[in-house]
Amino acid sequence: MLTFSAQLLVGATIAVLGTCLVLVIVVIAVRMHRQGRQKRDEMLLAPLRGPLITVASGEDDDGAATEQLTWATGVTRDVLDAAIVDLLTKIRGLPAEQLVGVLTAHGAVDRAKADLHHRSLVRRAKAAQMLGLAGGPDAVPLLVGALGDSTVQVRNSAAWGLGLIGDASAAGAVLAATGGEQGGIPASTSAETLQSMGVGISDVLATAFDDGDARTRMVAAHVTGDRSFTRGLPALRRLLADDPDLTVRETCATAIGRLGRAEDVTVLARHVAVDEPLSLRRACAAALGELGEAGAVPVLATLLDDADPRLAEIAASGLLGLGADGRAALAGREDTAPVRAARTVAELQRASA
Amino acid sequence: MTGFLEGLRSAVVWVMDVTSIPILAYFLLINTSLIVLIVLAYLEFRAQERRRATAVEWQGAGLAPGVSLLVPAYNEEAGIVTAVKSFLTLRYPRHEVVVVDDGSTDETFARLEQAFDLVEVPRELPHEVPVRARILGVYVPRDGRTRLVVVRKENSGRSEAINVAINAATEPLVAMIDGDSILEPDGLLHVTRPFADDPTRMVATGGAIRPVNGSRVIAGRIVRVEMPPTWLPRIQLVEYLRAFLLGRTGWSRLGSLILISGAFGLFRRDVVVEVGGLDPNSIGEDFELVMRIHKRLRDEGRDYRIEFVPEPVSWTEVPVTATVLRNQRRRWHRGLWETLWAYRSMLFRPKYGRVGWVALPYYWLFELFAPLLEFFGIIIVPLALFLGVVNIPFAILFLVLAYGYAVLVTLAAMLVDEWAFHKHDRWQALGVTVAASVLENLGYRQATVWWRLEGWWSSLRGKKHVWGVMTRTGFDEGSA
């Protein structure tokens, strides 16, 4: 007769070993399922690969290949639709329109509209992506609605879809959702979406500089600089001076360097002072060089003797790019390490150009 | 003789009586914590799987922060050129490679100089992170375009070499990577994504590391993933699966990741500079750096995130001989002890949140003390069996349960790997991994227990650590 502790030990050992066995079986099952599915998909797609390539490469002049693709049914249709969605992220123009036509004929676009409210977040996210790829006038309001989804995956997919459509009217909704209370939209997606919306977003962008979330302000600053929205300059100057987040300030400095004017030399010069964080000083020094304004020469010249050799080298590189005035400011300092380093790098780049 | 055996028997019985309850409690606690980690890792992988299933195309344009890859190199003549070429060709829109030749006595620098036509730049490096060693020169390729910087310095160790590289780096993110590691072509895109998504809060990410032994490598790229040819690296592969796919993933889910592997970690440069770079006096410099970042940012009440990216990012060669493995494990455990001791003030302090209340106590209890308890078991159980003071079937059953549980944890990691990444697609590899998870318990585990205790003991005695040499067999370039 086994004691209670021995019974417990035997039971626990059997449970552990049994679980091990189950895990091995599950691992094997997962692999077999994956490999089986891959083979099945390849087999189903094989007869349609030719027409699919014909359409995707823009060679379906008579529309025969497109029509052949629309005939697919059942599981083959689902596998084909997935392959088309993959292709649509890589192609544009008429081939893309023809493939969207195939998806529409298969009912995939209508299913996507319904799936935006599906219980599964994966289905909702994929539906948002499908609507973005398919485009169409009714997709924008649906995707704007999906920006308020409770999961980041769906919001991210909706923003991405809006980026594909490029309708500037959705910019406000994208920015509002960027730093949302539920975690918002990833900054990278938000920025790429806004960048694809053209010049019509500059007004909306200006309002985002006052957003309470640092991520939103950073995205606004980045897009303003990247797309050269000069109307955002006053806000960029303000945030460079006052924003509590250093990353936002650095982004503003870089943006001002891209699109700033002569008066921005003073703005940037204020932030190369020694009491500012070093990374911001460097960003402002680089921006001063990027501005290309002769007024930056005296400011950069004062940085040549800075205690930080990187800052001094950035200043020297900036001066070398500012023409005769800049080069003149380097006179008498040729023997210093930052100037020699900047000059050597510039000469190497010039020689290989 | 009989009297001695009687005395010994009494002593063993007494020790077992006194320790049985605490050890049983410890056994239950450690296994429960592992179950919790498995559940956390499962939840994280389910979320990751959803993210993967719903991922949208991202080429790193726009907000992708620039990355400086920091490569310390000491006597790496065999593979440094291939490694640097592969780093330079990674799929990423803005990255530079900073190699620091740490006073190599072989042809490391000459190989680089020849391969990239290096010319000296009279550049003075910033001193943002203090460095003791003298800088001998800074070099860049003559073409003026290739984003490579090579710094030569006096030999002063890996940590100082990385600190020099941090000073030389010009991008906002720095990735610390070993010169003999291989990065996945999209590896940088994976590990920088959290920074691009949350640029104002993310301060560090760690990527999963896998053993490369046995895989087919061409021009610094893995073209076919294979199992290592011998059992020692095979067992380490199983350990890596467990550590990265369950451990780090689980801790990341809990928001209390305190260890990012030194073989690959990505950090905000300004944060690393702010905390003073790597501590050259620390043996567990990677662990120590992450702890210092946690402490500093939590002391200042800053909102920040440190995340683990489970996608395989970096592949590294693991030791193939017991001598090298012993040295590595001694160093790891010594580093663990010294870092935990240095940051003991963070234990159970409310301002350190889960790091202080969960992660650190776990590391103290189940990482640091585990080999001590296991060693006790290794000594006492055979002794008790020899003296006949325990029921033999009972003891065997207990051992089967203990080691069976270890196998179970490994199999859970294997399942995650098969489900999410399935890097090893041969059926034979599956069999070998299962076998390795069992064989690990027969000798390997006991040896590592002893080596870890050696490392701990040498630290307690104040013995100076000798790094030793990690003998690299090199990648089987194109012939494996």
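How many residues has helix 12 of chain B, and how far does it reach from its first C-alpha to its last? Select residues 392-420 of chain B: this helix has 29 residues and reaches 42 Å, close to the 42 Å expected at 1.5 Å a residue. The expected span is 1.5 Å times one less than the number of residues. Helices (H or I, at least four residues) and strands (E, at least two) are DSSP runs, numbered from the N terminus.

The model is predicted: local features need pLDDT of at least 70 and side-chain atom pairs count only at pLDDT 80 or more, while totals for chains, interfaces and linings use all residues. Residues are numbered from 1 along each chain as its sequence is written, and chains are lettered from A and ligands numbered from 1 in the order in which they are written.

Next, select B:H422, which follows helix 12 of chain B and has a positive phi, near 35 degrees.

Now show both chains. Contact between 46 residues of chain B and 54 residues of chain A is counted where C-beta atoms, placed from the backbone, lie within 7 Å. On the chain B side, helix 12 gives the most, with 15 residues. That side divides into 28 nonpolar, six polar and 12 charged residues. Here Ala, Val, Leu, Ile, Met, Phe, Trp, Tyr, Cys and Pro count as nonpolar, Asp, Glu, Lys and Arg as charged, and the others, Gly among them, as polar.

Move to strand 2 of chain B, residues 95-102. Eight of its eight residues are buried, so the strand is largely enclosed by the rest of the structure. Buried means that 20 or more other C-beta atoms lie within 10 Å of the residue's own, with C-beta atoms placed from the backbone. B:H95, B:V97, B:V99 and B:D101 point one way, and B:E96, B:V98, B:V100 and B:D102 the other.

Strand 1 (residues 67-73) of chain B pairs with strand 2 of chain B in the parallel sense over seven bridges, and B:A73 stands opposite B:D101. Strand 5 (residues 148-153) of chain B runs parallel to strand 2 of chain B, joined by six bridges, with B:V151 opposite B:V100.

Finish at B:V98. Its contacts include B:L70, B:V149, B:V151 and B:A165, with residues up to four places away in sequence not counted. B:L70, B:V98 and B:A165 have the most contacts inside the largest nonpolar core, which has 224 residues. Such a core is a set of buried Ala, Val, Leu, Ile, Met, Phe, Trp, Tyr and Cys residues joined through C-beta atoms within 7 Å. Helix 12 of chain B gives the most to this core, with 11 residues.

Definitions and conventions. Two residues are in contact if their C-beta atoms, placed from the backbone, lie within 7 Å. A residue is buried if 20 or more other C-beta atoms lie within 10 Å of its own, exposed if 12 or fewer, and partly exposed in between; C-beta atoms are placed from the backbone. Two strands pair if DSSP finds at least two bridges between them.
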